[in-house]
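Me: Hi! Could you walk me through this structure while I have it open?

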Amino acid sequence: MADQVLIVDDDRRLSAMLAEYLTGNGFRVRAAETAGAGIAEIARLSPDAVVLDVMLPDMDGFEALKRIRANSDVPVLMLTARGDETDRIVGLEIGADDYLPKPFNPRELLARLKAILRRRNAGANASPRILRFGRLEIDPSSRSASVDGRDCPMTSYQFDLLVALAENAGRTLSREQLMDMVKGEELEAFDRSIDVHVSRIRAAIETDPKHPRRIITVRGAGYVFARFQDGER
């Protein structure tokens, strides 16, 4: 069955254009004009991905995303007319999987949606092996991570970053290498986005995110995932 995308945007012309374009490219599409309606549709439909506008009449998209993330890990691509880096970082920090400023080319939105869904589907088809590092356990097949049995929530993009780092434990990876490993597309990206995602991963898995011991910054080079911490074998 074709993947279902929910568009949450009060611009009816844009939603109709996107719905027509995505339907023509094999997606099933539903639309909602308010954040409240979109959140209700997510609970009812469990879509495969959400395209969420920042400027909505009942609440802004950032608040809507917080509410979505309280109950769902559905991949979310945010849209906004405000394309500055600060807004992009805020979206990523609160759980967006990707970010696209308006105006945009529908082909780029399609490519980004496919990249998000490809990451999700790759995880669903992953081998059953579990990556264990002391108290941290990463299960690619169920796309979950836990510390001492406690679930560590993160977005699909962040989980794939964590897996990329863990599978290369002990090896320093540049931001460009990480973007290439996770995105798999020649799409616009910016170094700071990787920093934001790593910060969120640290908040999920580190005992003290401000003094990380598992994901270490290598100044001027990138990041390295520590194979062992003190007291581990």
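**Chat notes**

Reply: Happy to. Let's start with Asn168, which is found in the loop between α6 and α7 (175-183). Keep in mind that this is a predicted model.

Me: Is Asn168 buried or exposed?

Reply: Asn168 has a relative accessible area of 18%. The cut-off for buried is under 20%, so Asn168 counts as buried.

Me: What does Asn168 touch, leaving aside its neighbours within four places in sequence?

Reply: With those set aside, Asn168 is in contact with Leu173 and Met181.

Me: Why does the largest pocket lie between the two domains?

Reply: Because both of them give residues to its lining: domain 1 (4-123) on one hand and domain 2 (131-225) on the other.

Me: What's the lining like by class?

Reply: Nine of the lining residues of the largest pocket are nonpolar, seven are polar and seven are charged.

Me: Nice. New topic: what does UniProt say about Asp53?

Reply: The UniProt record, an unreviewed entry, places the feature "modified residue: 4-aspartylphosphate" at Asp53. In the model, Asp53 sits in strand β3 (residues 49-53).

Me: Buried or exposed, that Asp53?

Reply: Asp53 counts as buried, because its relative accessibility is 2%.

Me: Which residues does Asp53 touch, not counting those up to four places away in sequence?

Reply: Asp53 touches Val8, Asp9, Asp10, Gly61, Leu79, Thr80 and Lys102.

Me: Last bit, the overall fold. How many helices and strands are there?

Reply: The protein has eight helices and eleven strands.

Me: And what share of the residues count as buried?

Reply: That would be 49% of the 233 residues of the protein. As for contacts with a separation of 6 or more, residues 24 or more positions apart account for 57% of them.

Me: Great, thanks for the tour!

Methods:
Residues numbered from 1 in each chain as written. Predicted model: local features only at pLDDT ≥ 70, side-chain atom pairs only at ≥ 80, totals over all residues. Heavy atoms only, no water. Nonpolar A, V, L, I, M, F, W, Y, C, P; charged D, E, K, R; others polar. Domains from an automatic or database assignment. UniProt positions renumbered as here; feature names shortened; annotations may be inferred. Helix = DSSP H or I, 4+ residues; strand = E, 2+ residues; numbered from the N terminus. Buried < 20%, exposed > 50% of the residue type's maximum accessible area, 1.4 Å probe, protein only. Contact = heavy atoms within 4.5 Å.
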